[in-house]
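User: Hi! I am new to this structure and would like to learn how to read its features. Could you show me one feature at a time?

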Amino acid sequence: TGADWSEPRLNYRYGMLACAPTDPLRETVDALRMRYDAAYAGSNPPFIVVSQPFARIPEPHEIESLKKTVQAMRPFQIRVGPAIPSPNSRQLCFDLWPQARLLDLREHLHATGLFRTDLKFTKNYIFHMKITETDRDLKEVDRMIKEVNERYPPFETTCADFTWVVP
């Protein structure tokens with residue numbers, strides 16, 4: 001229920017929608033999480049956030065409406081990588097492209113009125129897939145980026161499966 005959560009996590013108590021990556025991306029990100037942030041690796045499977053958090057638990061008919069919105073967008077290819085610093089520069093993540101395609105999906109979802117669009121990062125959101133959650137020294141983040149980019153060139157995956165994620 002999130003009743004014992006503190007801010008800002010409390011804003012996410014009803015979850016959000018995310019693209020669930022397929023193999024081998026999921027396996028790659030899981031392995032990187034185990035290497036660079038083992039505590040985070042076990043908390044959630046890899047995902048790509050596509051919406052702000054829900055304002056409340058959606059009703060069954062609203063969930064059906066969301067399914068139709070997602071299905072209308074059709075599966076699409078995204079490029080994953082290179083590794084980059086997170087928006088706060090203290091975590092490691094993969095860059096995602098095309099940002100415009102992901103933004104289009106996000107705007108369609110938010111237009112349903114089911115999401116907390118009053119929160120920061122609703123506009124100008126930078127799509128990414130986190131590898132680490134723990135804040136690190138900037139030099140350590142730079143070192144990790146270099147290591148990951150030497151081993152994993154950017155690759156393509158399909159954004160087709162969506163899941164309801166509660167962090």
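User: What is the handedness of the crossing of helix 3 and helix 4?

Analyst: A crossing is left-handed if the near helix is turned anticlockwise from the far one by less than a right angle, and right-handed if clockwise. Here, helix 3 and helix 4 cross in the right-handed sense. Helices (H or I, at least four residues) and strands (E, at least two) are DSSP runs, numbered from the N terminus. This is a predicted model: local features need pLDDT of at least 70, side-chain atom pairs count only at pLDDT 80 or more, and totals for chains, interfaces and linings use all residues. Residues are numbered from 1 along each chain as its sequence is written, and side-chain values use heavy atoms, with hydrogens and water left out.

User: At what angle do helix 3 and helix 4 pack, and how far apart are their axes?

Analyst: Two packed helices are described by the angle between their axes and the distance between the axes. Axes are lines fitted to C-alpha atoms, for helices over the stretch in contact, and angles run from 0 to 180 degrees between N-to-C directions. For helix 3 and helix 4 the angle is about 155 degrees, and the axes are 10 Å apart. That makes helix 3 roughly antiparallel to helix 4; angles under 35 degrees count as roughly parallel, over 145 as roughly antiparallel, 65 to 115 as roughly perpendicular and the rest as oblique.

User: Which residues make the contact between helix 3 and helix 4?

Analyst: Contact means heavy atoms within 4.5 Å. Helix 3 brings Leu66, Thr69, Val70 and Met73, while helix 4 brings Arg101, Asp104, Leu105, His108 and Leu109. Sorted by class, the contact of helix 3 with helix 4 holds five nonpolar, two polar and two charged residues. Ala, Val, Leu, Ile, Met, Phe, Trp, Tyr, Cys and Pro count as nonpolar, Asp, Glu, Lys and Arg as charged, and the others, Gly among them, as polar.

User: How do helix 1 and helix 5 cross?

Analyst: Their axes come within 13 Å and cross at roughly 150 degrees. The crossing of helix 1 with helix 5 is right-handed. Leu32, Arg35 and Tyr36 of helix 1 meet Met144, Glu147, Val148 and Arg151 of helix 5. By class, the residues of this contact are four nonpolar, no polar and three charged.

User: Which residues touch the most other members of the largest nonpolar core?

Analyst: A nonpolar core is a set of buried Ala, Val, Leu, Ile, Met, Phe, Trp, Tyr and Cys residues joined through side-chain atoms within 4.5 Å. Buried means under 20% relative accessible area, exposed over 50%, partly exposed in between (1.4 Å probe, protein chains only). The largest core has 39 residues, and Ile78, Leu92, Phe94, Leu109 and Val148 touch the most other members. Among the elements that each supply at least two residues of this core are strand 3 (76-85), helix 4 (99-110) and helix 5 (138-151). Leaving aside neighbours within four places in sequence, Leu109 contacts Leu17, Val50, Ser51, Leu66, Thr69, Val70 and Phe115.

User: Is phenylalanine 115 buried or exposed?

Analyst: Phenylalanine 115 counts as buried, because its relative accessibility is 5%. Phenylalanine 115 sits in the loop between helix 4 and strand 5 (128-130). Beyond four places in sequence, its contacts include Ser51, Pro53, Phe54 and Leu109. Phenylalanine 115 and alanine 55 are 60 residues apart in sequence, yet their C-alpha atoms are 4.9 Å apart.

User: What about serine 51: where does it lie?

Analyst: Serine 51 lies in the loop between strand 2 and helix 3. With a relative accessible area of 0%, serine 51 is buried. Setting aside residues up to four places away in sequence, serine 51 touches Met16, Leu17, Arg106, Leu109, His110 and Phe115.

User: Which peptide bonds are cis, and which residues have a positive phi?

Analyst: Most residues other than glycine have a negative phi, and most peptide bonds are trans. In this model, the bond from aspartate 23 to proline 24 is cis, with omega near 5 degrees, and proline 24 is in the loop between strand 1 and helix 1. Another cis bond joins tryptophan 97 and proline 98, with omega about 5 degrees; proline 98 lies in the loop between strand 4 and helix 4. As for phi, arginine 74 has a positive value near 60 degrees, and serine 89 has a positive value of about 70 degrees. Arginine 74 is exposed, at 61% relative accessible area, whereas serine 89 is partly exposed, at 32%.
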